[in-house]
Amino acid sequence: MKQKTAIVTGITGQDGSYLAELLLSKNYKVIGAKRRTSSFNTERVDHLFNDENFKLEFFDLNDVGSMYRLLQNHRPDEFYNIAAQSHVRVSFDIPENTVDGIAMGTLRILEAIRNVLPTCRFYQASSSEMFGDNPNYPYDEESRMTPASPYACATLFAHNLVRNYRESYGIFVCSGILFNHESPRRGETFVTRKITLAAARIKLGLQDTLYLGNLEAKRDWGYAADYVEAMWSMLQQEKPDDYVIATGQTNSVREFLETVFEHAGLDIKEHVKFDERLLRPHEVPYLLGDPSKAKEKLKWECKTTFDDLAKLMYEADLDYITKTELNKGE
Ligand code: NAP
Ligand code: GDD
């Protein structure tokens with residue numbers, strides 16, 4: 001069988017690294033598309049550099065020429081667009097940059113695919129944030145979307161665009177409406193990783209206090225390594241479609257904190273303080289997904305429980321901080 005080629009944008013991020021591993025395990029040639037940064041930031045994919053099927057190329061969501069060049073040079077079978085300024089709070093601080101990358105960036109890629117390589121299958125990273133503050137949960141593919149941040153508004157624009165291009169031009173384009181998914185590779189400023197990193201540092205005597213914002217927000221939290229399997233599966237179906245990818249369970253930030261601190265043997269009252277600067281101008285209070293369609297059509301289910309996720313992230317950070325901060329210089 002002919003070897004398939006996939007382009008993965010956002011390769012230096014959490015999902016990019018897990019997706020690249022999954023595709024390489026299926027014998028794909030993977031072109032990881034990264035933007036230029038002034039410091040090294042490839043640590044999540046450094047272990048893949050010796051794989052002959054893995055290659056990095058420069059790309060930017062704001063640079064249309066890079067999209068045409070990647071499509072023309074590599075003629076990919078599949079294109080996964082998972083690049084974004086993905087931090088919801090930060091999108092209130094740099095709204096134009098966030099929105100241009102997600103909304104216009106997606107439009108640029110879709111136009112390039114339509115014009116250069118319409119046979120290429122396309123995956124778009126949509127988000128549960130699009131449901132915003134709609135009080136009627138659980139959310140499925142048909143639920144009303146009332147986005148509550150510049151990030152979510154841009155994601156909804158891109159989501160609608162994907163549907164529009166699918167209907168207008170008959171190209172194979174899909175959106176995965178993914179609920180929060182975490183891992184030891186999660187960015188350090190997202191709440192789960194912030195908690196597991198701090199717990200590890202506190203346990204090792206390297207930190208005393210963890211500052212957090214709203215502890216009552218609820219999220220449907222799954223494991224990123226499980227979620228990239230759903231991305232791949234969407235592009236293997238007979239027909240393109242959009243899918244909610246979630247666990248079907250929701251927990252508060254407080255419950256995540258309690259699970260981690262209890263597992264670490266730490267006292268929340270002693271170490272955790274509230275910082276109002278971490279509140280958001282418009283909070284999304286409650287996210288709960290209904291993944292029935294993915295279960296039926298993709299045969300996909302999240303395999304990792306909330307408790308296991310919290311514990312595996314804490315254990316990984318304990319190991320990481322021990323190696324990088326405690327035993328530094330030894
Ligand atoms: P992440 O760790 O923040 O990674 C984002 C990636 O996008 C990084 O590689 C980043 O590069 C890249 N990027 C940012 N701006 C770019 C630009 N202008 N041009 C090119 N690349 C750019 O995010 P993630 O957690 O892996 O999530 C992957 C995607 O899924 C994102 O689109 C996110 O919005 C979406 N999503 C995530 C979740 C979740 O819970 N994780 C849920 C739903 C949807 P640098 O390393 O240079 O910053
Ligand atoms: N980041 C952060 N830092 N969040 C905090 C903190 C804190 O110190 N304290 C409380 N929170 C609360 C936030 O107010 C929010 O309600 C919740 O923790 C989760 O915040 P994040 O971990 O930053 O994730 P998110 O839900 O806003 O967004 C993530 O999930 C989306 C899918 O629903 C990101 O990965 C998005 O890119 C993704 O689309």
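Cys-120 is buried, with a relative accessible area of 0%, where buried means under 20% relative accessible area, exposed means over 50%, and partly exposed lies in between, all with a 1.4 Å probe and with protein chains only. The structure is a predicted model, in which local features need pLDDT of at least 70 and side-chain atom pairs count only at pLDDT 80 or more, while totals for chains, interfaces and linings use all residues. Residues are numbered from 1 along each chain as its sequence is written, chains are lettered from A and ligands numbered from 1 in the order in which they are written, and side-chain values use heavy atoms, with hydrogens and water left out.

**Cysteines**

A disulfide is a covalent bond between the sulfur atoms of two cysteines. Here the term is applied to a pair of cysteine sulfur atoms within 2.5 Å, and a search of the whole structure finds 0 of them. For Cys-120, the closest cysteine sulfur belongs to Cys-174 and is 11 Å away, which is too far for a bond. Cys-153, by contrast, is partly exposed, with a relative accessible area of 41%.

**The chain as a whole**

The protein chain holds 11 helices and 13 strands, which are DSSP runs numbered from the N terminus, helices being H or I of at least four residues and strands E of at least two. Its radius of gyration is 20 Å, close to the 20 Å that the globule rule gives for 330 residues, so the chain is as compact as a globular protein of that length; the radius is taken over C-alpha atoms, and the rule is 2.2 Å times the number of residues to the power 0.38. Along its principal axes the C-alpha trace spans about 60 × 50 × 40 Å, and 53% of the 330 residues count as buried.

**The two ligands**

Ligand 1 is surrounded by 27 residues, of which Thr-12, Asp-15, Arg-35, Ser-86 and Tyr-151 are the closest; a residue is near a molecule if one of its heavy atoms lies within 4 Å of it. Oxygen atoms of ligand 1 lie 2.6 Å from a polar side-chain atom of Thr-12 and 3.1 Å from a polar backbone atom of Gly-13. Taken alone, ligand 1 exposes 900 Å², and the protein buries 88% of that, the areas coming from the Shrake-Rupley method with a 1.4 Å probe and, for residues, with only the protein chains shown as cover. Helix H1 (14-25) and strand S5 (121-127) are the elements that give two or more residues to this shell, and S5 supplies the largest share, 3 residues.

Around ligand 2 there are 24 residues, and Ser-127, Ser-128, Asn-180, Arg-280 and Glu-283 come nearest. Polar side-chain atoms lie 2.6 Å from a ligand 2 oxygen in the case of Asn-180 and 2.9 Å from one in the case of Arg-186, while a nitrogen atom of ligand 2 is 2.9 Å from a polar backbone atom of Gly-213. Ligand 2 taken alone exposes 720 Å², of which the protein buries 95%. Helix H6 (191-203) and strand S8 (210-212) each supply at least two residues of its shell.

**Individual positions**

The loop between S5 and helix H5 (150-169) contains Thr-146, which is buried at a relative accessible area of 19%. The side chain of Thr-146 makes a polar contact with the side chain of Asp-133 at 3.1 Å and reaches the backbone oxygen of Phe-131 at 3.1 Å. A polar contact is a pair of N or O atoms within 3.5 Å; within protein, one must be able to donate a hydrogen and the other to accept it, and residues adjacent in sequence count only if both atoms are side-chain atoms. Pro-138 also lies in the loop between S5 and H5, and a cis peptide bond, with omega about 0°, joins Tyr-137 and Pro-138.

Arg-75, in the loop between helix H2 (64-74) and strand S4 (78-81), has phi near 45°, a positive value in a residue other than glycine, and is partly exposed at 47% relative accessibility. Lys-299, in the loop between helix H10 (292-298) and helix H11 (306-326), has a positive phi near 55° and is exposed, with a relative accessible area of 68%.
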